[in-house]
Number of protein chains: 2
Amino acid sequence: MKIAVLGTGMVGDTIGSKLIELGHEVKMGSRTAGNEKAMAWVSKHKKNASEGTFEDAAKFGEIVFNCTNGMGSLEALKQAGASNLQGKVMIDISNPLDFSKGMPPSLSVCNTSSLGEEIQKSFPEVKVVKALNTLNCSLMVNPGSLAGGDHNIFICGNDEGAKKQAKDLLEQFGWKSNAIIDLGDITAARGTEMILPIWLRLMGTLGSPAFNFKIVRN
Amino acid sequence: MKIAVLGTGMVGDTIGSKLIELGHEVKMGSRTAGNEKAMAWVSKHKKNASEGTFEDAAKFGEIVFNCTNGMGSLEALKQAGASNLQGKVMIDISNPLDFSKGMPPSLSVCNTSSLGEEIQKSFPEVKVVKALNTLNCSLMVNPGSLAGGDHNIFICGNDEGAKKQAKDLLEQFGWKSNAIIDLGDITAARGTEMILPIWLRLMGTLGSPAFNFKIVRN
């Protein structure tokens with residue numbers, strides 16, 4: 001499958017590399033073509049990896065991963081272009097973490113909305129699925145490395161077919177079907193994004209990002 | 001030990017009853033003495049249970065549990081009286097859930113502050129420990145009923161001695177020492193209170209409040 005990965009940070013690099021390992025063709029998008037980190041990522045892979053602008057990547061991908069910095073996501077997606085994204089499934093991993101006032105970061109949107117919802121509102125013809133924003137990127141693509149995969153991730157979005165496609169990709173990443181909890185429509189992104197403050201605090205307390213939430217039930 | 005339980009709702013009733021079962025003397029406080037729910041709670045217990053105003057309870061307790069509705073907590077604590085609370089440990093279970101604009105509730109304070117912090121700021125001579133606000137009240141006092149207690153709660157607060165006293169009480173409730181994660185100072189209450197939106201969503205998705213978070217680490 002042809003997949004766009006928007007963003008050249010750790011998350012984009014990790015997701016893009018896993019998708020290539022799985023046999024997909026991936027174009028990494030950034031503000032400008034020839035971005036240094038995007039070029040380095042392309043050169044790590046023998047085939048199926050390319051890079052370009054957000055617009056190039058959005059045109060290329062049948063599915064789009066939003067791995068951009070949350071504070072710049074809406075602007076990046078505008079550059080990608082609504083017409084290039086139209087009708088496509090977008091797996092939104094971004095978090096609206098605002099570091100501009102120092103540590104700890106606050107959320108630039110929360111409580112009565114979320115970045116997932118803002119993206120869906122700004123791009124009504126995109127099928128946004130919020131997923132994977134609640135854990136470290138190395139665990140996103142290798143869940144079995146932690147407790148044999150016995151922990152949870154959450155998905156939400158307004159389009160059932162899009163969630164099914166997202167779930168299929170997550171299962172390719174190694175997630176067991178019953179580890180993926182569908183929280184319903186995109187408004188649930190408030191809940192998953194608002195986990196970030198305790199996630200960051202736990203990372204400090206535990207001294208490592210190698211942890212995840214498990215929902216324990218009887 | 002003499003303990004004040006402020007609030008006559010499900011949480012206050014459950015916490016108060018557990019404390020009596022453990023052999024403590026408990027006074028339940030509410031806006032007015034003779035509150036119907038407080039009287040019903042007193043009559044359930046053969047001894048060690050009494051009720052009165054927030055002020056009566058605060059005077060009585062060596063330790064105070066804040067089980068009031070989060071939207072009314074600051075007002076209830078003002079009624080309890082700063083001088084009656086001074087120097088005491090307060091275990092704050094409240095959540096700032098605002099149902100005034102319908103469902104889902106929003107948080108009346110979050111992101112750059114928390115109800116735990118607001119209480120600590122308003123009552124600087126009280127030793128506030130935020131705890132137990134992230135799970136259903138029946139699990140608070142009976143953690144072993146879910147997966148043999150293999151799940152987590154969080155505490156935070158500015159006073160180490162107060163956190164030790166809170167932890168001792170939580171262990172009396174049945175929590176294993178290593179299930180209680182100390183997140184540091186009271187600003188971590190942002191993190192634990194901001195879990196509420198996903199908690200509420202999970203309750204809807206799972207159809208039950210009988211679940212809890214476990215932090216999975218290698």
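This is a predicted model: local features need pLDDT of at least 70, side-chain atom pairs count only at pLDDT 80 or more; totals for chains, interfaces and linings use all residues.
**View 1. B:Glu118 counts as partly exposed because its relative accessibility is 23%.** Partly exposed lies between buried, under 20% relative accessible area, and exposed, over 50% (1.4 Å probe, protein chains only). B:Glu118 is found in helix H6 of chain B; helices (H or I, at least four residues) and strands (E, at least two) are DSSP runs, numbered from the N terminus. Not counting residues up to four places away in sequence, B:Glu118 touches B:Leu74, B:Val109 and B:Ser113, where contact means heavy atoms within 4.5 Å.

Residues are numbered from 1 along each chain as its sequence is written, chains are lettered from A and ligands numbered from 1 in the order in which they are written, and side-chain values use heavy atoms, with hydrogens and water left out.

**View 2. Helix H6 of chain B covers residues 115-122.** Its buried residues are B:Leu115, B:Gly116, B:Glu117, B:Ile119 and B:Gln120. The buried residues of H6(B) pack against strands S4 (63-66), S5 (89-92) and S8 (127-131) and against helices H4 (73-80) and H9 (189-193) of chain B.

**View 3. Helix H1 of chain B runs over residues 10-21.** Its twelve residues should span 16 Å at 1.5 Å a residue, and the end C-alpha atoms are 16 Å apart, which agrees. The expected span is 1.5 Å times one less than the number of residues. Among the buried residues of H1(B) are B:Gly12, B:Thr14, B:Ile15 and B:Leu19. Just after H1(B), B:Gly23 has a positive phi of about 100°.

**View 4. B:Lys18 is found in helix H1 of chain B.** B:Lys18 counts as buried because its relative accessibility is 14%. Leaving aside neighbours within four places in sequence, B:Lys18 is in contact with B:Val141, B:Gln172 and B:Phe173.

**View 5. Chain A contains ten helices and eleven strands.** The radius of gyration of chain A is 16 Å, close to the 17 Å that the globule rule gives for 218 residues, so chain A is as compact as a globular protein of that length. The radius is taken over C-alpha atoms, and the rule is 2.2 Å times the number of residues to the power 0.38. Buried residues make up 57% of the 218 residues in chain A.
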